[in-house]
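Here are my notes for you on this model. Please read them with the structure open and check each point as you go.

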Amino acid sequence: MSTPAVILAAGASKRLGRPKQLVEMSGEALLHRAARIALLACDPVLVVLGFEAERMQAVLRDLPVQCLRNLEWEEGMASSLRVAASALPLDARAAVFLVCDQPALDGELLARILRLHRDHPGKRIASAYSGARGIPALFPSTDFDALLQLRGDRGARGLLGQGEVLEVPFPGGEQDLDRPEDLLRLQGR
């Protein structure tokens, strides 16, 4: 049985001043890139959209992903996690959650997370970078109800600080795209 992936891409990228999902890296929109990489390891791939959802969905039209609409996207990350958790396949034993603005993301990282999950089913698995745990992260199905309870602009980071969490090193995971200077750094890559 394959593990689903969820790409959280509903935000408006206010600090950046433009939709980060559409920023291109090597000629490919970051949202398309994240979905393409997720498809290498996971099935199905769910993409949570909110801000300018139609525009984002158009970027994904050539990929076999399922787009979910988050009508409450302005609340923040928790609303997207709730949308995703409620749409996961009933037989899913876990799900990998990721975002599109980590340029260092690759298929090998997702493969390492999934291998660790096969060896340790039922455990939370987080990417480790800059002395912290973050995404991409795998949550077992026992966490799905907790994801449905989240509120506000906090993601699931709190869950990654509770109980036993396995870690997968993610060099470069701290590099994301939130501010204009991050965009300049990405373009200079």
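1. Start with P89. P89 sits in the loop between α3 (77-87) and β6. The model is a predicted one, so keep that in mind throughout.

2. Which residues does P89 touch, once its neighbours within four places in sequence are left aside? The contacts are P4 and P44. P4 is 85 residues away from P89 in sequence, yet their C-alpha atoms are 8.1 Å apart in space.

3. Now take P44. P44 belongs to the loop between α1 and β4. The peptide bond leading from D43 into P44 is cis, and its omega is near -5°.

4. P136 is placed in strand β8.

5. Next, check the backbone angles. Most residues other than glycine have a negative phi. E52 is not a glycine, but its phi is positive, at about 45°. Find E52 in the loop between β4 and α2. Its relative accessible area is 32%, so E52 is partly exposed.

6. S130 also has a positive phi, near 55°, and is a residue other than glycine. Look for S130 in the loop between β7 and β8. Is S130 buried or exposed? S130 is exposed, because its relative accessible area is 59% and the cut-off for exposed is over 50%.

7. Turn to the aromatic rings. How many aromatic pairs does a search of the whole structure find? The search finds three. One of them joins F97 and F139, with 5.8 Å from centre to centre and 70° between the planes. That pair is edge-to-face, because planes over 60 degrees apart count that way. F97 is in strand β6 (residues 94-99) and F139 is in strand β8 (residues 132-140), so this pair ties together parts 42 residues apart in sequence. Both F97 and F139 are buried.

8. Y129 and F170 make an edge-to-face pair as well, because their planes stand at 85°, with ring centres 5.7 Å apart. Y129 lies in strand β7 (residues 124-129), while F170 is in the loop between β9 (165-169) and α6 (180-187); the pair therefore links parts 41 residues apart in sequence. Y129 has 12% relative accessibility and counts as buried. F170 has 4% and counts as buried too.

9. Look at H117 in helix α4 (residues 107-119). H117 counts as buried, because its relative accessibility is 11% and the cut-off is under 20%. Not counting residues up to four places away in sequence, H117 touches T3, A94, G122, I125 and L138.

10. The largest nonpolar core has 33 residues. Those with the most contacts inside this core are I7, L31, V45, V47, V96 and L105. Elements that give it two or more residues are β1 (5-9), α1 (30-41), β4 (45-49), α2 (53-59), β6, α4, β7 and β9. Which element gives the most to this core? The answer is α1, with five residues.

11. Another core lies apart from the largest one and has 27 residues, including A85, V99, L150 and L160.

12. Finish with the largest pocket. The space in it is about 1,100 Å³. The pocket is lined by 37 residues, and R15, K20, M77, D153 and D178 are the closest to its centre. β1, α3, β6 and β8 each give two or more residues to the lining. By type, the lining residues split into 16 nonpolar, nine polar and twelve charged.

Definitions and conventions. Residues are numbered from 1 along each chain as its sequence is written. This is a predicted model: local features need pLDDT of at least 70, side-chain atom pairs count only at pLDDT 80 or more; totals for chains, interfaces and linings use all residues. Side-chain values use heavy atoms; hydrogens and water are left out. Rings of Phe, Tyr and Trp (its six-membered ring) pair if their centres lie within 6.5 Å; planes under 30 degrees apart count as stacked, over 60 as edge-to-face and the rest as tilted. Helices (H or I, at least four residues) and strands (E, at least two) are DSSP runs, numbered from the N terminus. Buried means under 20% relative accessible area, exposed over 50%, partly exposed in between (1.4 Å probe, protein chains only). Contact means heavy atoms within 4.5 Å. A nonpolar core is a set of buried Ala, Val, Leu, Ile, Met, Phe, Trp, Tyr and Cys residues joined through side-chain atoms within 4.5 Å. On a 1 Å grid over the protein atoms alone, a cavity is a set of points where a 1.4 Å probe fits but cannot get out, and a pocket is an open set with protein on both sides within 12 Å along at least five of seven lines; lining residues have an atom within 4 Å of a point. Grid points are joined across faces, edges and corners, and a volume is the space filled by probe spheres set on the points. Ala, Val, Leu, Ile, Met, Phe, Trp, Tyr, Cys and Pro count as nonpolar, Asp, Glu, Lys and Arg as charged, and the others, Gly among them, as polar.
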